[in-house]
Amino acid sequence: MEATILFATESPPLAVLAAAKIAGVSLLVDDGLPSGSSPILRFNSGLKLHGTNVLLRFIARAATIPNFYGQELVESAQIDELLDYAPIFLSGSEFENACHHVDEYLSLRTFLVGNNFTIADVTIWSNLAGTGQRWESLRKSKKYKNLVRWFNSIASEYSEILNDLTSIYVGKRGLGKPISTKPKPGEVSNQTSKPRDVAIVNGESTEKEKSVGAIDLDLPGAKVGEVCLRFAPEPSGYLHIGHSKAALLNKYFAEKYHGKLILRFDDTNPSKESTEFVDNLLKDIETLGIKYDVVTHTSDYFPQLMEMAENLIRKGKAYVDDTPREQMQKERMDGIESNCRKNTVEQNLELWKEMRRGSERGLQCCLRGKLDMQAPNKSLRDPVYYRCNPVPHHRIGSKYNVYPTYDFACPFVDAIEGVTHALRSSEYHDRNEQYYRILEDMELRKVQIYEFSRLNMVYTLLSKRKLLSFVQEGKVDGWDDPRFPTVQGIIRRGLKIEALIEFIVQQGASKNQNLMEWDKLWTINKKTIDPVCPRHTAVIEERCVQLVLTDGPEVPFVRIIPRHKKHDAAGTKATTYTKKIWIDYVDAASISSGEEITLMDWGNAIVKDVEKDLDGNVTQLIGSLHLEGSVKTTKLKLTWLPDTTELVSLSLVELDHLITKKKLEEDDDFKDFINPCTKKETAALGDSNMRNLKRGEVLQLERKGYFRCDVPYLRPSKPIVLIAIPDGRRQAPLK
């Protein structure tokens, strides 16, 4: 079957073209698509396939090369994962992180998946080559040896095909030698030599060169000094990572246009809201480094909102409806007008009084806007403006028995407070028309809505209602549980706020709905903490093995060594050297009699005897120091602890996702996907210096990973609790 691949001139799909050539799939080429278009595969029959990964998977299945799409289902799934990951090499600021990740992955591999050359190898190779000089510079530096070895191997095997394609298309993308953009006399350049951006670190602004992928956006119709924005969380839970994106975008635009930022608590539902949530939202906003000009509450405007509701009733633009809720929902779906829609103004005002009194009759009613019951956009089908709910409000007590809905209150307060641009996630897109129509009926000034995509994370619930159920049912310790996606939760797990900000800024204000991987966020975090966090030593307590050094020091001695060899500010620690030391069982079990090993921060030793019990378990090692030995010649570099009474007890806590499904669909019940095992605690021994750890301090346990101190040293009988910080690598599920 003949087919043509179509793409935009400036963005040729190098991976698809290379895969087709290598796989023997004949394609005609047409580079006439408009700028920004995704590639299309058009068959003579008229059938079309759209998108890079769709095309790659089609070619992989059509290939004559054995196992080009994997040898089994698991390998095919691994390939799919790598195809989804591959675009990160073209993302600019994440390029080196991606190189580092794949370099480590290739340390013991010839190919990316299994033992065969696959479409994954072609795709990653092409995306590296597609960056032109950027990759070539790294390739020559040999910074990523495993990656370079693999890249060169692929290039050598398919040199003719790949060299031809890169010479044609990499140059076409402008990724070869840089093209001069110096304007001619009289012309104005659209580029600046060094675009700048503001990075927010610990709440302070520092100017730095703007990386690719950082925000570089404009608000439509915005004027410097005249912009007014609002961040309006509902105080029905703690701030989570999704809210953080909205908060930081508002902050960004307020700073860019030297405008005003209002922090408004959307407190219109007393059944779900509390002072606790208000206090913690303020705490989280401060943590994000967001400076606002004023704090307001929707409840500040309850009198005006009541007056507006009554005004709309008198104008015939709102009516009181006593239709049962389920019937009302069905009528809205079917476009059937309520019988109450024909009520007179007098009838509506009388029922409105009953609602305000909170009477039994009033409790049967709600106030609805009279918009358009036949509108294709169902949000316009007479939305509810007020509900009768005689529950005390956390700020104003029992003054009111009726409360406005978000849909009614939000446009009113936006207009009254002078908001020029209302930033809303695109999940509200269908309600934008409703927002404008309500403003029109209220005869208030128009507010410009600016949309951005909601930040969705894999294996994560961001619904406050669902998160609340975890808290109420005791499945987590509270809203700051380190398994929670709340700001307090992820910080308790060890995320640095500057890493969160960098992650969100890289998303920009894109309107594309993306399901983001936590791995990317934790990779950024590792890059933040690794250069500065102190190093300590721990040994897993269960079955730990004693190594007796026959020529070790009869009298223990102490050396003061740095807590981080490349960061003096991390301070120093005291290390005790003794004749008997403890090592992890897994290390002891891997040592052979007569083997030379390296004891980190000490030197080499030779293990002369490996003692085992009847079941073959190692019980003790006997050896001697060989400090003149070279650490370059040993296979095992081991952490160890002195056998002293000064060691501290540790509890190492590993955590997993709360749900087992990557993305929940609308009809999924989240309770069907609750992860039965989300927390694992391992007893360990730690060096005596860890008595000085403070709550919140981040450290690295040598050869065990990064941790955050959750409970510091209190007394010998109570362990120090350290929460494991993910480092961006895929972790196996807890058992």
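This is a predicted model: local features need pLDDT of at least 70, side-chain atom pairs count only at pLDDT 80 or more; totals for chains, interfaces and linings use all residues.
## Helix pairs

Two packed helices are described by the angle between their axes and the distance between the axes.

| Helix pair | Crossing angle | Axis separation |
|---|---|---|
| H3 (residues 73-85) and H5 (residues 119-129) | roughly 10° | within 9 Å |
| H4 (residues 95-105) and H7 (residues 145-157) | roughly 80° | within 7 Å |
| H14 (residues 406-416) and H15 (432-442) | about 65° | 9 Å |

The axes of H3 and H5 cross at roughly 10°, and because angles under 35 degrees count as roughly parallel, the two helices are roughly parallel to each other. Their crossing is left-handed. On the H3 side the contact is formed by Ile79, Leu82 and Leu83, which meet Ile119, Ala120, Thr123 and Ile124 of H5. Sorted by class, this contact of H3 with H5 holds six nonpolar residues and one polar residue, with no charged residues.

Cys99, Val102 and Asp103 of H4 make the contact together with Lys145, Asn146 and Leu147 of H7. The residues of the contact of H4 with H7 divide into three nonpolar, one polar and two charged.

From H14, the residues Asp407, Phe408, Cys410, Pro411, Phe412, Asp414 and Ala415 take part, and they meet Gln434, Tyr435, Ile438, Leu439 and Met442 in H15. The contact of H14 with H15 has nine nonpolar residues, one polar residue and two charged residues.

Helix H2 covers residues 52-62, and its buried residues are Asn53, Leu55, Leu56, Arg57, Ile59 and Ala60. These buried residues pack against strand S1 (3-8), helix H1 (14-23), strand S3 (40-43) and strand S4 (48-50), and also against H3 and H5, the two helices that are roughly parallel to each other.

Ala63 lies in the loop between H2 and H3 and counts as buried, at 17% relative accessibility. When residues up to four places away in sequence are not counted, Ala63 touches Ala23 and Phe68. Gly335 is 272 residues from Ala63 in sequence, and the C-alpha atoms of the two are 52 Å apart in space.

## Annotated spans

A UniProt annotation, from an unreviewed entry, assigns residues 102-156 to "domain: Glutathione S-transferase C-terminal". In the model this span is 65% helix and 0% strand, and its end C-alpha atoms lie 19 Å apart.

For residues 637-710, UniProt lists "domain: tRNA synthetases class I (E and Q) anti-codon binding", again in an unreviewed entry. That span is 0% helix and 41% strand, with its end C-alpha atoms 29 Å apart.

## Individual residues

Most residues other than glycine have a negative phi. Asp382 has a phi near 45°, a positive value, and Glu443 likewise has a positive phi, near 60°. Asp382 is placed in the loop between strand S11 (366-369) and strand S12 (384-388), where it is buried, with a relative accessible area of 0%. Glu443, by contrast, counts as exposed at 57% relative accessibility, and lies in the loop between H15 and strand S15 (448-452).

Thr575 is found in strand S22 (residues 572-577). Is this residue buried or exposed? Thr575 is buried, because its relative accessible area is 13% and the cut-off for buried is under 20%. Leaving aside neighbours within four places in sequence, Thr575 is in contact with Phe557, Val558, Arg559, Ile561 and Trp640.

Pro733 belongs to the segment after strand S33 (720-725), and counts as exposed at 64% relative accessibility. The C-alpha atoms of Pro733 and Cys677 are separated by 8.3 Å, although these residues are 56 residues apart along the chain.

Terms used: Residues are numbered from 1 along each chain as its sequence is written. Side-chain values use heavy atoms; hydrogens and water are left out. Axes are lines fitted to C-alpha atoms, for helices over the stretch in contact, and angles run from 0 to 180 degrees between N-to-C directions. Helices (H or I, at least four residues) and strands (E, at least two) are DSSP runs, numbered from the N terminus. Angles under 35 degrees count as roughly parallel, over 145 as roughly antiparallel, 65 to 115 as roughly perpendicular and the rest as oblique. A crossing is left-handed if the near helix is turned anticlockwise from the far one by less than a right angle, and right-handed if clockwise. Contact means heavy atoms within 4.5 Å. Ala, Val, Leu, Ile, Met, Phe, Trp, Tyr, Cys and Pro count as nonpolar, Asp, Glu, Lys and Arg as charged, and the others, Gly among them, as polar. UniProt positions are given in the numbering used here, feature names are shortened, and annotations may be inferred rather than shown by experiment. Buried means under 20% relative accessible area, exposed over 50%, partly exposed in between (1.4 Å probe, protein chains only).
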